[in-house]
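Here are a few friendly notes to read alongside the model.

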Amino acid sequence: MRGPEIRAIFGKNVKIFRNRRNWSQADLAEYANISINFLGDIERGKKWPHPDTLTKLAEALEIKVFELFLEEDLMPNPEAKTTMDRFINDFNLTINKSLSISVKQSIDNIRKQYKLR
């Protein structure tokens with residue numbers, strides 16, 4: 001793969017991740033502290049960002065830098081991430097509820113044992 005192809009993939013991915021957040025170019029440019037024109041050139045594969053700017057873009061998009069270089073068939077599926085996030089949230093709620101019940105039962109048992117009430 002040559003430089004222009006890498007820039008094209010990178011630019012396309014910046015745009016994909018930006019659109020997944022429903023951000024305009026102005027939004028991402030502001031979050032990454034770059035100009036809108038420069039961002040447009042990046043997305044069109046015309047300009048190449050400095051490594052510090054790569055980091056700023058990835059941080060603004062809340063992704064890892066390497067994700068900006070993935071070819072389309074290797075891009076993370078946002079629906080899978082959403083499903084996993086829902087699973088983790090549900091799991092945390094279940095654990096917290098179970099823990100709360102266990103703690104309450106333990107306190108009740110201690111109170112009964114020491115005749116506190």
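1. Helices α1 and α4 cross in a left-handed way (the near helix is turned anticlockwise from the far one by less than a right angle). The axes of α1 (residues 3-20) and α4 (residues 51-61) come within 10 Å and cross at roughly 25 degrees, which makes the two helices roughly parallel (angles under 35 degrees). On the α1 side the contact (heavy atoms within 4.5 Å) is made by Phe10, Val14, Phe17 and Arg18, and on the α4 side by Leu54, Leu57 and Leu61. By class, that is six nonpolar residues, no polar ones and one charged.

2. Please keep in mind that this is a predicted model, in which local features need pLDDT of at least 70 and side-chain atom pairs count only at pLDDT 80 or more, while totals for chains, interfaces and linings use all residues. Residues are numbered from 1 along each chain as its sequence is written, and side-chain values use heavy atoms, with hydrogens and water left out.

3. Helix α2 (residues 25-32) packs on helix α3 (residues 36-43) at an angle of about 110 degrees, with the axes 9 Å apart. The two are therefore roughly perpendicular (65 to 115 degrees). Gln25, Ala26, Leu28 and Ala29 of α2 meet Ile36, Leu39, Gly40 and Glu43 of α3.

4. Now the rings: there are four aromatic pairs (ring centres within 6.5 Å). Tryptophan 23 and tyrosine 31 form a tilted one, 4.5 Å centre to centre with 45 degrees between the planes (stacked is under 30 degrees, edge-to-face over 60, tilted the rest). Tryptophan 23 counts as buried, at 17% relative accessibility (the cut-off is under 20%, with a 1.4 Å probe and protein chains only). Ring pairs also link Phe10, Trp48 and Phe69 into a cluster.

How values were computed: Axes are lines fitted to C-alpha atoms, for helices over the stretch in contact, and angles run from 0 to 180 degrees between N-to-C directions. Helices (H or I, at least four residues) and strands (E, at least two) are DSSP runs, numbered from the N terminus. Angles under 35 degrees count as roughly parallel, over 145 as roughly antiparallel, 65 to 115 as roughly perpendicular and the rest as oblique. Ala, Val, Leu, Ile, Met, Phe, Trp, Tyr, Cys and Pro count as nonpolar, Asp, Glu, Lys and Arg as charged, and the others, Gly among them, as polar. Rings of Phe, Tyr and Trp (its six-membered ring) pair if their centres lie within 6.5 Å; planes under 30 degrees apart count as stacked, over 60 as edge-to-face and the rest as tilted. Buried means under 20% relative accessible area, exposed over 50%, partly exposed in between (1.4 Å probe, protein chains only).
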